[in-house]
Amino acid sequence: LSPYKDFVVGVDTKVPLADQTFTTAINFDNAATTPPFDCVMNDLVEFSPWYSSIHRGAGYKSQYSTKLYEESRKIISSFIGADMDYHSIIFLKNTTEAINKLSNKLLALHKDGVVLSTCMEHHSNDLPWRNKYTVDYIAVDKYGELSMEDLKNKLISYGKKVQLVTITGASNVTGYINPIHEIAELVHQHGAKLLVDGAQLVPHGPVNMKPVEHPQHIDYLVFSAHKMYAPFGTGVLIGPKDTFRESPPDYTGGGTVQFVSHDHIKWLDPPEREEAGTPNIMGVLALSSAIKKLLSIGMAQVESYERALTRHAYESLSNIPNVELYTNKSHLHRTISIIPFNIKGLHHSIVAAALSKEFGIAVRNGCFCAQPYLQRLLNVSAEDSEEYMKDPTLPMPGMVRLSFGIYNSIEEINILTKALFHISRNRDLYLQKYNIQEI
Ligand code: PMP
């Protein structure tokens with residue numbers, strides 16, 4: 001069993017669904033959301049007597065809440081190597097909101113810049129840039145890995161027009177970790193800045209933005225609390241204070257101003273001016289509590305434990321007939337704990353439904369909010385794309401995704417392996433039993 005099994009809540013909880021026959025469930029869907037740490041929920045209960053709004057109250061509770069809230073910025077800053085004098089650590093709802101905010105902020109700085117995104121992004125690091133900038137996409141190879149050559153070529157051919165390169169730290173589909181520091185150096189040589197979408201990277205291993213004078217430093221970093229053992233509702237955007245000083249906040253209101261009259265507005269300095277209204281104080285405290293716990297385990301330990309799970313799962317799946325694996329085995333040492341696969345002859349939704357309903361194993365299937373990447377990996381043609389646009393009832397191609405957290409175990413993977421053997425050997429049975437349109 002995992003030495004970290006008891007760190008999270010809900011692992012042995014009875015599933016309250018009428019059609020579920022399992023009392024316990026195995027959760028291999030951690031790339032979507034991890035369960036919260038037990039200690040995080042306890043910390044929230046312990047904090048609850050001090051529950052009060054921050055920054056504006058003279059009362060003891062408000063002062064105490066403010067202290068904890070502001071201390072959370074310091075905890076996060078030292079966790080990922082930010083510089084509190086240079087950077088703003090802004091609390092938002094999630095990664096998606098953080099990227100949207102940055103895409104608005106940067107418009108004030110560069111009206112007609114080029115943004116280079118990649119062909120392996122989550123929609124949240126693709127759609128916010130469209131229709132605001134000229135966006136081009138760095139290619140991936142047939143295994144889905146980023147082409148450094150294409151990045152270099154695009155940086156040369158767009159030249160000074162490139163304002164930002166925005167790239168995922170680790171893919172939520174294949175798990176590949178991008179060489180963010182090497183990329184940062186290249187991007188800086190061309191006078192541009194780098195945003196790293198850290199939603200999948202930050203929870204799974206050590207991340208350091210590096211000092212701002214270092215040629216390989218990361219300019220902007222975003223991530224979400226709910227993928228790192230804290231509850232929903234908190235995202236983090238980190239970037240140079242100057243980025244947020246250049247333009248008025250995109251949301252205005254309480255908490256954003258130093259002085260207002262009918263004729264004047266003086267905005268507060270960032271981060272406050274970018275956190276309009278009463279913030280998610282409990283969510284921020286939960287995130288800093290989860291970070292303290294992760295640090296006590298050690299991020300290098302998190303990485304090596306999860307990598308051992310991933311290797312074991314990869315080896316096990318390789319021996320199952322009809323299983324198609326999409327990622328490159330020789331690159332498992334630079335992937336986070338994700339394995340995408342299919343069983344030949346069975347739609348991904350049937351495999352995921354059978355795993356859930358008959359074996360109590362939760363996985364994710366489909367396109368994982370990264371449709372262009374899946375289209376590339378599954379060789380979906382432009383003509384096929386047209387058909388999917390026209391007819392939303394067509395079953396979409398996709399994959400099944402396993403994603404592990406530190407509380408998962410080799411034993412659980414062995415249960416999954418048996419289940420997949422069974423499904424693979426009895427494909428006809430499952431084809432009869434499950435109707436894709438009804439799943
Ligand atoms: N980027 C990546 C790589 C992700 O995996 C996700 C979540 N699946 C997001 C962005 C969006 O995160 P959130 O839903 O917390 O905004």
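**Starting from helix H3**

In H3, the residues Thr95, Thr96, Ala98, Ile99, Lys101, Leu102, Ser103, Lys105 and Leu106 are buried, meaning that 20 or more other C-beta atoms, placed from the backbone, lie within 10 Å of their own. This is a predicted model, in which local features need pLDDT of at least 70 and side-chain atom pairs count only at pLDDT 80 or more, while totals for chains, interfaces and linings use all residues. Residues are numbered from 1 along each chain as its sequence is written.

What do the buried residues of H3 pack against? Their partners are the strands E2 (87-92), E5 (162-168), E6 (193-197), E7 (220-224) and E8 (235-240), together with helix H6 (241-245). Helices (H or I, at least four residues) and strands (E, at least two) are DSSP runs, numbered from the N terminus; a contact has C-beta atoms, placed from the backbone, within 7 Å.

Now step back to the chain. Its secondary structure comes to 13 helices and 15 strands, and 44% of its 439 residues count as buried. Among contacts between residues at least 6 apart in sequence, 73% join residues at least 24 apart. The C-alpha atoms fill a box of roughly 75 × 55 × 40 Å along the principal axes.

Technical notes. Buried ≥ 20, exposed ≤ 12 C-beta atoms within 10 Å, placed from the backbone. Contact = placed C-beta atoms within 7 Å.
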